[in-house]
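Subject: Structure for your files, with notes

Hello,

Here is the structure I promised to pass on.

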Amino acid sequence: MSVVDRIRQIGIVPVVRATSSDEALGAVEAIRAGGISVLEITMTVPGAVKIIKTLTLQLGDEALIGAGTVLDSEGARECIDAGARFIVSPALDVETIETCRALNVPIFPGAPTPTEVLTAWKARADAVKIFPANALDGASYLKSLKAPLPQIELIPTGGVSLDNIGEFIRAGALAVGVGADLVKGDAAAITAKARAYAEAVRAARDK
């Protein structure tokens with residue numbers, strides 16, 4: 001199964017932000033315990049590249065470890081060298097897309113407007129992160145984008161919650177990026193939330 005297909009199957013990309021490596025690793029373990037095996041480690045986490053390398057070596061194919069908040073081509077290359085299986089950016093940078101394509105690693109650049117979404121797709125992005133989704137009228141905006149651009153895979157991120165994840169999935173999202181609403185609290189709370197998110201995706205796709 002390809003990386004993109006695996007992300008589609010799970011439907012959730014947890015965005016792991018933390019103030020320390022230990023906190024990030026604890027969150028990853030708790031999320032995995034809840035049944036989600038895709039993890040995006042953001043470059044804002046102290047020692048993020050080392051965390052990616054550690055998780056990749058420890059977990060192998062048990063988890064899909066990617067890098068988030070990657071801002072440029074050099075950063076993307078560093079993360080890929082550490083073992084990142086996909087790259088996520090908050091903005092559109094064509095050079096970063098080209099680097100990831102050359103290294104055969106999926107790239108999901110951020111883009112809020114139809115023009116940027118199309119530019120990212122023409123540059124051969126594997127999917128486009130619609131960010132910040134909560135500032136763009138949420139699922140209704142995603143549905144509006146998909147109408148003229150059905151061939152472009154979209155991953156809404158920003159403001160996704162258990163209350164609206166079903167709407168995003170039904171609007172045509174490949175998957176959703178979920179940050180603070182999932183990755184906060186103690187381990188038990190994160191695991192319970194991960195299970196709830198996974199179930200919400202299944203329920204939305206069954207309708």
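The notes below go from the whole chain to single residues.

Please keep in mind that this is a predicted model.

Overall shape

The protein chain has 9 helices and 8 strands. Its radius of gyration is 16 Å, close to the 17 Å that the globule rule gives for 207 residues, so the chain is as compact as a globular protein of that length. Along the principal axes, the C-alpha atoms fill a box of roughly 45 × 40 × 30 Å. Of the 207 residues, 53% are buried. Among contacts with a separation of 6 or more, 58% are between residues 24 or more positions apart.

The exposed surface comes to about 9,200 Å², and carbon and sulfur atoms supply 51% of that area.

Helix α1 covers residues 3–10, and its buried residues are V3, V4, R6, I7 and I10. These lie on the same side of α1, because they cover an arc of only 160 degrees around the axis. In an α-helix there are 3.6 residues a turn, so residues three or four places apart point the same way. The partners of this buried set are the strands β1 (12–16), β2 (38–42), β3 (64–68) and β5 (107–108), together with helix α9 (187–206).

Helix α4 (residues 73–82) has S73, G75, A76, C79, I80 and A82 as its buried residues. They pack against helices α3 and α5 (94–102) and against strands β3 and β4 (87–88). Here too a glycine with positive phi follows the helix: G83 comes after α4, with phi near 115 degrees.

S37 sits in the loop between α2 (21–33) and β2. Its relative accessible area is 16%, under the 20% cut-off, so S37 counts as buried. Leaving aside neighbours within four places in sequence, S37 is in contact with R6, I10, E62, A63 and L64. Two of these, R6 and I10, are also among the buried residues of α1.

T42 belongs to strand β2. It is buried, with a relative accessible area of 0%. Not counting residues up to four places away in sequence, T42 touches V15, V16, R17, A48, G68 and T69. T42 and G66 are 24 residues apart in sequence, and their C-alpha atoms are 8.5 Å apart in space.

Two more positions

N164 is in the loop between β7 (154–156) and α8 (165–170). With 18% relative accessibility, N164 counts as buried. N164 and G138 are 26 residues apart in sequence, with 8.4 Å between their C-alpha atoms.

Q58 is in helix α3 (residues 48–59). It counts as exposed, at 58% relative accessibility. From Q58 to T99 is 41 residues in sequence and 26 Å in space, C-alpha to C-alpha.

Backbone points to check

Most residues other than glycine have a negative phi, and most peptide bonds are trans. The following places depart from that pattern.

- N104 is not a glycine, yet has a positive phi of about 60 degrees. It lies in the loop between α5 and β5, and is exposed, with a relative accessible area of 70%.
- R124 is also a residue other than glycine, with a positive phi near 80 degrees. It is found in the loop between α6 (114–122) and β6, and counts as exposed at 52% relative accessibility.
- F131 and P132 are joined by a cis peptide bond, with omega about -5 degrees. P132 lies in the loop between β6 (128–130) and α7 (138–146).

Regards

Key: Residues are numbered from 1 along each chain as its sequence is written. This is a predicted model: local features need pLDDT of at least 70, side-chain atom pairs count only at pLDDT 80 or more; totals for chains, interfaces and linings use all residues. Side-chain values use heavy atoms; hydrogens and water are left out. Buried means under 20% relative accessible area, exposed over 50%, partly exposed in between (1.4 Å probe, protein chains only). Helices (H or I, at least four residues) and strands (E, at least two) are DSSP runs, numbered from the N terminus. The arc is that of the directions from the helix axis to the C-beta atoms. Contact means heavy atoms within 4.5 Å. The radius of gyration is taken over C-alpha atoms; the globule rule is 2.2 Å times the number of residues to the power 0.38. Accessible areas come from the Shrake-Rupley method with a 1.4 Å probe; for residues, only the protein chains shown count as cover.
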